[in-house]
Amino acid sequence: MSAQQPYSFFQSVERSFDKAAKFTQWNPGILEQIKACNSVYQMRFPVKMDDGRIEVIEAYRVQHSHHKAPCKGGIRFSDEVNQDEVMALASLMTYKCAIVNVPFGGGKGGIKINPRKYSVYELEKITRRYTSELVKKNFIGPGTDVPAPDYGTGEREMAWIVDTYASLKPGEIDAAGCVTGKPITQGGVRGRREATGLGVFYGIREVCNMEDVMNRQGLSVGIAGKTVVVQGLGNVGFHSAKFFREAGAKVIALAEYEGAIMNPDGLNEEEVFEHRKATGSILNFPGATNLAKNTDALELACDILIPAALENVINGDNAPRVQAKIIGEAANGPCTPEADEVFTQKGILCVPDMYLNAGGVTVSYFEWLKNLSHVRYGRMEKRFTENLNGHILGQIEELSGKKVSDKERAFIMHGPEEKDLVHSGLEETMITATREIMEVWKSNPGIPDMRTAAYVNAINKVATSYAELGIFP
Ligand code: NAD
């Protein structure tokens, strides 16, 4: 909590929930049960650092909802981590999974460290120790709770987690399903790395393909030609920027920790990434202008603003200066409820985090299914499909006496690889979720914004699940 932020992150999730609950008919007891965090595990453990010092590490794992098993949600490494934040993020996961029809309860983990201040060996020791603490309390496992990457963690940490888990559970045939976001060699799925950014892109593209919505925002239909600003050039921000650029949008500004840059002709995120790697900063990128403060990027005139760094970056203070027509919440909780009120007044469409950044958990679900089935996607059908397509094409060419071009032949013949199937499953998921939320919004004109419509959709699904379990007769 701070002067600009009078209540905590978890309280702001609760406020959004309460705002949406008014548009449902559920028993208050059911609503109370959905809102509450079911299990909160707060831990402290010692780790010996490279210089011989013993540091006591503060960490958390929260299981927000057990209405479906396992629980699912990332692990964050940040010195901002606290119980309230992990609880808020875990609850967002419950609603997110419900919206995208992924059959998990919400969970989240956090270790209160700044990973930049530790050596790789120290990070490995912290991650492995955290995992064994989770095992001890049955807070991890393919059927109980399945972590994934989040802010400050990636494939490397997930590999340490699965290795620790498997060594503590010898012979557990489904051990690989205890965590997702793993490297391919450790049971990961192709297409996971870019999944969240790609999901952000698919979700916003679907919104931009809705003529009535674009008319309301004063924009043309489609992505091509739209101006985009991205905050955060990490996993989610980088891939969001990449897919928007590849679809013909112009990424006119990028913001990072150390500053922000702008080029009205468009920036290439890969070149900026290489520049940052070489110089240690995105600033002074050739052809771009440095902005005075990194938060200035959030206030630039643009069609689509993608905050993809941390929570609460757009609040009651700076929201009145936001000029974007659409905000795509790639990060978790980047806009506060006060900001939402400003957006409603100004007619800015805020596409909410809890479904827009669900690409990661959707593809994590595909990875978990792959781990449980012990077979790579596409392995069974790729050759069969190619043989069948070849046969159909051969028949058409023989009967018509005409040949298709080599490019068309390659396209028609192609049998699905793992990545094709994963991307296709993600595209279907994001399109369906966007349409469902818009339907809820349209069917109840009293709903003030898309976030509330998304919450209503989530509450209806989770409440139905509880009601069908018979807990609340
Ligand atoms: P990341 O660590 O890969 O990247 C975050 C980036 O934001 C870093 O490059 C960091 O330097 C930058 N950053 C930090 N503070 C900033 C500031 N004030 N201004 C500009 N940039 C800043 O993390 P990520 O995985 O990309 O996650 C980003 C957000 O997306 C988080 O809110 C996370 O919870 C959410 N998210 C991530 C995933 C996923 O699959 N990784 C899925 C869903 C949601």
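A polar contact here means a pair of N or O atoms within 3.5 Å; inside the protein, one atom must be able to donate a hydrogen and the other to accept it, and residues adjacent in sequence count only if both atoms are side-chain atoms. Keep that handy for the first stop. You're looking at a predicted model, where local features need pLDDT of at least 70, side-chain atom pairs count only at pLDDT 80 or more, and totals for chains, interfaces and linings use all residues. Residues are numbered from 1 along each chain as its sequence is written, and side-chain values use heavy atoms, with hydrogens and water left out.

**Stop 1**

Select Asp150: an N or O atom of the Asp150 side chain sits 2.7 Å from a ligand oxygen. For a nitrogen of the ligand, pick Asn294, whose polar side-chain atom is 3.4 Å away. On its own the ligand exposes 820 Å², and the protein buries 87% of that (Shrake-Rupley areas with a 1.4 Å probe; for residues, only the protein chains shown count as cover).

Next, show the whole shell: 23 residues, each with a heavy atom within 4 Å of the ligand. Arg76, Thr196 and Glu256 are among the closest. Helix α8 (235-246) and strand β7 (250-256) each give at least two shell residues (DSSP runs, H or I of at least four residues for helices and E of at least two for strands, numbered from the N terminus). Color by domain, and you'll find at least three shell residues from each of domain 1 (39-186) and domain 2 (195-356), with bounds from an automatic or database domain assignment.

**Stop 2: a salt bridge**

Pick Lys182 and Glu367, a salt bridge with its closest N and O atoms 2.7 Å apart (a Lys or Arg side-chain nitrogen within 4 Å of an Asp or Glu carboxyl oxygen). The partners are 185 residues apart: Lys182 is in the loop between α5 (155-168) and α6 (195-208), and Glu367 is in helix α12 (residues 359-373). The whole structure has 38 salt bridges.

**Stop 3**

Most residues other than glycine have a negative phi, and most peptide bonds are trans. Zoom to Ala69 and Pro70: the peptide bond between them is cis, with omega near 0 degrees. Pro70 is in the loop between β2 (54-63) and β3 (71-77). Then jump to Asn138, where phi is positive, near 55 degrees; Asn138 is in the loop between α4 (120-136) and β5 (145-149).
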